[in-house]
Amino acid sequence: MSAKITPMRSAAESALIERFPALKAALPGLASAREDAFATFAAAGLPTRRVEAWKYTDLRAAMREAAPLAIRPNAAEIAVALKGHSPLAGQGAVTLSFVNGYHVATKGGPPNGVSITPLAEALTGGHPLLSKIGALKLAQGDLALSLNTAFMTDGAIIHVAEDANVEGPIALRFVTSGATAVATAARVLMVVEAGATVMLVESHEGQGALAHQPNTAFEIIAGDKSVVHHVRLGLNSTGAVALSTLTADLGAETSLTSVNVALTGAVTRHQVFARFSGGNARAQINGATLLSSTQHADSTLVVEHAAEPGGESRELFRTIVDDEAAGVFQGKIIVQPHAQKTDGRMASNAVLLSEGAAMYNKPELEIFADDVACAHGATCGALDDELLFYLMSRGITKAEAEALMIESFVGAAIDFIDHEPIRDILHGLVQDWLQARAARLNAGALTVS
Amino acid sequence: MLDIRNLHVKIADEDKQILNGLTLKVHRGEVAAIMGPNGSGKSTLSYVIAGKPDYEVTDGEVLLDGVNILEMAPDARAAAGLFLAFQYPMEIPGVATMTFLKAAMNAQRKQRGQAELTTPDFIKRVNKAAELLGIPKDMLRRPLNVGFSGGEKKRMEILQMTLLEPKMSIMDETDSGLDIDALKIVAEGVNARRDPAHAFLVITHYQRLLDYIKPDTVHVMSRGQIVKTGGAELALELEANGYRDYQSAA
Amino acid sequence: MPAVQETIDQVKAIDVSEYKYGFITDVEMEKPAKGLTEATVRYISARKNEPAWMLDWRLDAFRRWKTMTEPTWARVSYPEIDFQDIYYYAAPKMNGAPKSLDEVDPAILDAYKKLGIPLREQEILAGVEPQNRVAVDAVFDSVSVVTTFRAELAKAGVIFCSISDALQEHPELVRKYIGTVVPVTDNYYATLNSAVFTDGSFVFIPKGVRCPMELSTYFRINEKNTGQFERTLIIAEEGSYVSYLEGCTAPQRDENQLHAAVVELITMDNAEIKYSTVQNWYPGDANGKGGIYNFVTKRGDCRGKNSKISWTQVETGSAITWKYPSCILRGDGSRGEFYSIAVSNGMQQVDSGTKMIHLGKNTTSRIISKGISAGRSQNTYRGLVSAHRKATNARNFTNCDSLLIGNQCGAHTVPYIESKTSTATFEHEATTSKISEDQLFYCMQRGLSAEDATALIVNGFVKDVLQQLPMEFAVEAQKLISISLEGSVG
């Protein structure tokens with residue numbers, strides 16, 4: 001241990017600190033929340049590996065420059081941004097489109113029982129649910145979320161009425177676009193009243209290779225006995241440094257399923273903070289990540305069981321790492337003293353496909369109650385040789401056999417999505433990834449021979 | 001030997017009543033069978049007699065040779081000569097079966113004021129009993145019940161009964177999950193101990209076990225009470241007609 | 001009342017004064033003034049008549065230590081330690097090192113006798129088969145008072161002596177190896193130890209020798225306000241083998257005492273060191289008053305091909321344990337093992353685990369950790385498994401299980417698993433649970449009391465680790481675990 005060093009401000013940190021006063025004056029609403037959040041950031045700076053929660057993702061190094069916060073796009077820019085095909089197009093009963101963090105279009109009317117207000121409108125004109133933004137203590141102090149709070153530009157407040165059984169998913173499409181790299185800060189709050197059932201789908205699409213810096217945050221407050229399905233697709237620009245946060249506050253006997261599929265982006269970090277505030281809630285939180293080239297992807301998860309009975313949490317994270325890429329899983333299950341009967345099981349499994357690939361696993365248990373059954377497992381290694389051999393002995397080529405194994409491996413995390421067309425689309429994206437890999441391998445083989 | 005009087009039992013911390021004034025006597029030297037449909041309270045009865053903490057006795061008493069045992073801890077009841085062969089014997093990882101047997105035998109001897117067994121004497125007794133029950137030696141070295149098949153677990157229960165020499169044995173659905181060979185071995189284990197000094201209460205859902213362990217008395221249990229008592233022929237009647245008559249009778 | 005509830009109540013009522021080794025030995029001691037300055041370091045070195053290079057090494061460490069801060073990442077909390085309020089050297093008064101046991105204060109011999117460690121060879125020999133003999137280095141506060149069987153071991157070429165003697169008799173060996181596994185600036189406490197270490201054991205097993213008996217060191221802190229800073233260095237040359245045991249106790253005192261040791265192990269090609277610890281420092285009373293702060297750096301370097309280092313620890317004592325016996329798997333085909341039982345009760349805090357650093361090809365490691373928390377204690381497993389780029393085919397299996405007794409304690413698991421090669425295979429599993437009510441009832445139905453049933457189940461829980469200990473130690477350890485959970489397991 002060496003003496004405490006107060007590091008010099010990096011260029012990105014200095015730029016953010018310099019810009020905040022002017023932005024604060026320009027950005028609508030929640031001034032004191034923005035100030036507090038920014039103060040949290042300013043005190044700590046961009047996290048490095050010295051910060052335990054960021055042990056395997058050095059954000060300070062990844063974000064050398066702070067890209068300027070995007071301004072609201074004009075009609076021409078919007079048209080360019082939305083031109084491309086969205087993998088999840090047409091899946092939402094209602095689809096909200098965002099360009100560079102600003103709401104630009106809504107397709108379809110809100111389903112029965114649902115009301116949607118663009119966040120910018122709510123921030124300017126006021127909204128009864130505004131006070132719920134940033135309310136989850138478990139996530140407070142987190143640096144990615146603090147930055148989002150300080151700079152949030154737009155997003156949505158979604159309210160789902162009591163006992164509503166919402167038809168079709170509510171879809172949100174976020175596109176980052178432009179001639180130069182920008183930072184975005186979209187924020188979505190969804191309050192689900194007791195007994196309601198709803199599905200929320202977010203997709204993040206970035207065009208080209210620019211080093212955009214999207215930072216999005218979704219907050220879900222689930223009332224007693226509600227059922228919430230959540231799907232997130234990360235298809236950032238290949239140069240992106242992308243941060244995303246999901247917070248979930250679960251009432252009694254709620255059920256939450258959240259699946260994150262992470263594919264592109266130079267450095268990405270998806271974090272989940274889930275709190276079991278009511279008794280006997282259930283959560284299934286999954287991640288499927290496929291990495292190649294020099295990508296770095298971090299999945300960080302904190303699940304807090306804070307009520308009795310402590311409920312049941314299941315986490316399943318599957319990571320495929322190829323080339324020189326690196327995967328990170330940090331998962332922590334906390335069981336508070338009174339959260340008896342908690343049943344928590346967390347698994348992180350990674351397959352490394354190439355010599356240069358790396359995986360960092362940190363599965364933690366923090367348990368203060370005695371009548372619990374908690375477990376975690378973490379594995380990492382190459383594809384199972386024996387299974388590969390078995391498949392090949394049946395006449396399947398090595399490449400095909402590997403593809404089959406990879407697909408079923410990450411598919412296990414995707415299969416929890418209770419919506420067949422969306423599940424199929426995501427499986428399709430995994431297949432696309434595998435085809436791209438096969439093409440790379442073929443090209444490589446050609447160069448060698 | 002076993003005298004159960006007007007026993008009322010509910011699950012602790014819940015309002016669910018399971019036994020509703022059950023009265024039953026098992027005499028020295030008698031083999032009594034309790035038959036009844038699922039959910040009639042058969043397993044609860046065996047647990048309450050043995051002192052499982054999850055139940056609350058709201059009324060009645062259970063006397064073993066005239067002594068009310070309901071206030072006694074489970075280990076004291078065991079030392080008093082009560083044995084329960086569990087329907088689902090527990091696995092205890094890391095504890096060798098031999099270690100467990102020795103601990104149990106000596107704990108009971110100590111409570112009864114007897115000297116502890118010497119190791120050679122202990123091994124001799126175990127080997128003899130194991131041989132009779134067809135229990136291989138390697139099973140005795142493995143952790144208790146861990147990885148044992150259903151049949152092996154049940155045989156292990158009979159081995160324990162043989163070694164602990166209880167005067168009153170309760171067999172809770174000992175026949176469930178057993179093939180015919182294992183069933184015979186278990187029955188022989190019980191029959192070998194049948195004499196005027198010992199008594200058995202055999203709880204079962206099917207007549208099958210009673211082909212091998214001939215009961216002196218058969219009680220029919222339904223909704224937490226004994227609703228009919230008869231001889232061995234009652235079991236055959238139940239086998240033919242089912243429990244329907246008794247379920248409505250209670 | 002449910003049996004588990006009874007058990008919990010008994011644990012709550014527990015007074016850690018059940019500690020059986022809490023007596024104080026009255027011996028006239030020689031101590032410099034309290035506090036740590038360069039003069040303290042010079043005093044210790046001079047008192048031991050050390051070569052100049054050793055003093056320079058210590059002074060360098062001291063200078064570096066002054067620039068460092070205490071680590072804060074472990075899950076332990078304690079009031080700030082006043083490093084100027086500690087005696088850094090305390091030795092029984094005598095003129096020079098004792099030439100024979102007759103020169104050792106009888107009170108000290110008596111103390112070891114009370115602890116069950118006879119130091120007179122003839123007493124040890126009586127009734128013990130030669131293959132069961134154990135050689136003992138007895139360290140009392142800051143000095144080694146005696147090392148048994150030195151002559152007999154020397155016949156086999158084995159050097160077993162205090163590190164002070166080694167600095168006199170084999171300075172070249174000490175100089176060659178000290179600080180090569182745990183560098184001077186490795187961490188705050190290791191650096192402190194490097195500056196002020198007073199005694200400890202030195203073992204050298206020459207090429208091809210299988211050490212003819214178990215070696216052991218018995219550490220006793222006796223004097224109050226005194227820190228113990230021992231240093232142990234074990235070198236196993238090519239193809240050699242040694243099994244080494246370590247035991248520790250201290251009197252019951254109201255103040256906290258610091259124990260900051262450094263242990264370095266080195267194995268060359270095909271060599272093996274098996275290192276076992278039964279740590280039973282005074283844990284403090286039921287309210288957390290007093291007890292040892294056990295801040296220890298232990299590391300093994302599998303320097304040679306196919307070499308092996310195995311750590312086994314039974315940790316029942318200390319107010320705070322901060323300790324991560326680790327293996328650097330440098331040689332191709334080398335193997336590291338860590339077997340641990342950590343029992344915490346009362347107000348104890350344990351933050352312990354291991355690091356397995358895979359550097360060589362085909363290296364393997366295995367971690368089995370069993371934590372038992374009772375009372376109001378906090379028990380953390382913290383571990384690192386890493387495979388570097390060149391560690392092809394590295395393998396690790398980790399299993400860490402925690403058992404909670406009572407609802408006021410905590411059990412935590414913090415593993416770091418880092419793989420930088422696709423050919424490495426790492427498997428990690430962890431569970432946390434309590435003793436099941438059904439298991440207890442089953443045992444009691446067979447006649448076991450609640451306490452005996454709990455003890456039986458706990459012993460089953462830790463069995464995989466107990467099996468790793470040499471027989472006599474295993475029995476001792478089993479008793480110790482029962483005593484540590486006294487109240488719950490009689």
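Which side chains meet B:R5 and B:E61 in a salt bridge, and at what N to O distance? To find out, select B:R5 and B:E61: their side chains meet each other in a salt bridge, at 3.4 Å from N to O.

**Before starting**

The model is predicted, so local features need pLDDT of at least 70 and side-chain atom pairs count only at pLDDT 80 or more, while totals for chains, interfaces and linings use all residues. Residues are numbered from 1 along each chain as its sequence is written, chains are lettered from A and ligands numbered from 1 in the order in which they are written, and side-chain values use heavy atoms, with hydrogens and water left out.

**Stop 1**

A salt bridge here is a side-chain nitrogen of Lys or Arg within 4 Å of a carboxyl oxygen of Asp or Glu. Side chains of opposite charge can pair when their charged atoms come close. Over all chains, the search of the whole structure finds 53 salt bridges.

Keep the opening pair selected, the salt bridge of B:R5 and B:E61. B:R5 belongs to strand β1 (residues 2-11) of chain B and B:E61 to strand β4 (residues 55-64) of chain B, so the pair ties together parts that are 56 residues apart in sequence. Helices (H or I, at least four residues) and strands (E, at least two) are DSSP runs, numbered from the N terminus. B:R5 is partly exposed, with a relative accessible area of 38%, and B:E61 is partly exposed at 28%. For these words, buried means under 20% relative accessible area, exposed over 50%, and partly exposed in between (1.4 Å probe, protein chains only).

Next, select B:K167 and B:D65, whose side chains meet in a salt bridge of 2.7 Å, N to O. This pair links distant parts of the chain, 102 residues apart: B:K167 is in the loop between α6 (150-164) and β7 (168-172) of chain B, and B:D65 in the loop between β4 and β5 (67-68) of chain B. B:K167 is partly exposed at 25% relative accessible area, and B:D65 is partly exposed at 34%.

**Stop 2: chain C**

Move to C:D301 and C:R330, a salt bridge in which the closest N and O atoms are 3.2 Å apart. C:D301 lies in strand β13 (residues 291-302) of chain C and C:R330 in the loop between β16 (326-329) and β17 (335-344) of chain C, so the pair ties together parts that are 29 residues apart in sequence. C:D301 counts as buried, at 1% relative accessibility, whereas C:R330 counts as partly exposed, at 39%.

Then select C:N345, in the loop between β17 and β18 (349-358) of chain C. C:N345 counts as buried, at 3% relative accessibility. Its side chain reaches the backbone nitrogen of C:G375 at 3.4 Å.

**Stop 3: a network in chain A**

Select A:D322, A:D323, A:K398, A:E402, A:R437 and A:R440, which are linked in a network of salt bridges.

**Stop 4: where chain B meets chain C**

Show both chains: 33 residues of chain B are in contact (heavy atoms within 4.5 Å) with 20 residues of chain C. The buried area is about 2,100 Å², of which carbon and sulfur atoms give 69%; buried area is the accessible area (1.4 Å probe) that two parts lose on being put together, summed over both. In chain B, B:P53, B:D75 and B:M90 lose the most area to chain C, together 24% of what that side buries.

The count between these chains is two salt bridges. Select C:D438 and B:K52 to see their side chains meet in a salt bridge of 3.0 Å, N to O.

**Stop 5: where chain A meets chain C**

Which numbers of residues do chain A and chain C give to their contact? Chain A gives 39 residues and chain C 40 residues. The area buried between them is about 3,000 Å², with carbon and sulfur atoms giving 48%.

Two salt bridges are found across this interface. Select A:E366 and C:R75, which form a salt bridge with the closest N and O atoms 2.9 Å apart.

Finally, select β18(A) and strand β22 (residues 410-419) of chain C, which run antiparallel and are joined by six bridges. Strands pair if DSSP finds at least two bridges between them. A:I367 stands opposite C:A411 in β22(C).

Methods:
A polar contact is a pair of N or O atoms within 3.5 Å; within protein, one must be able to donate a hydrogen and the other to accept it, and residues adjacent in sequence count only if both atoms are side-chain atoms.
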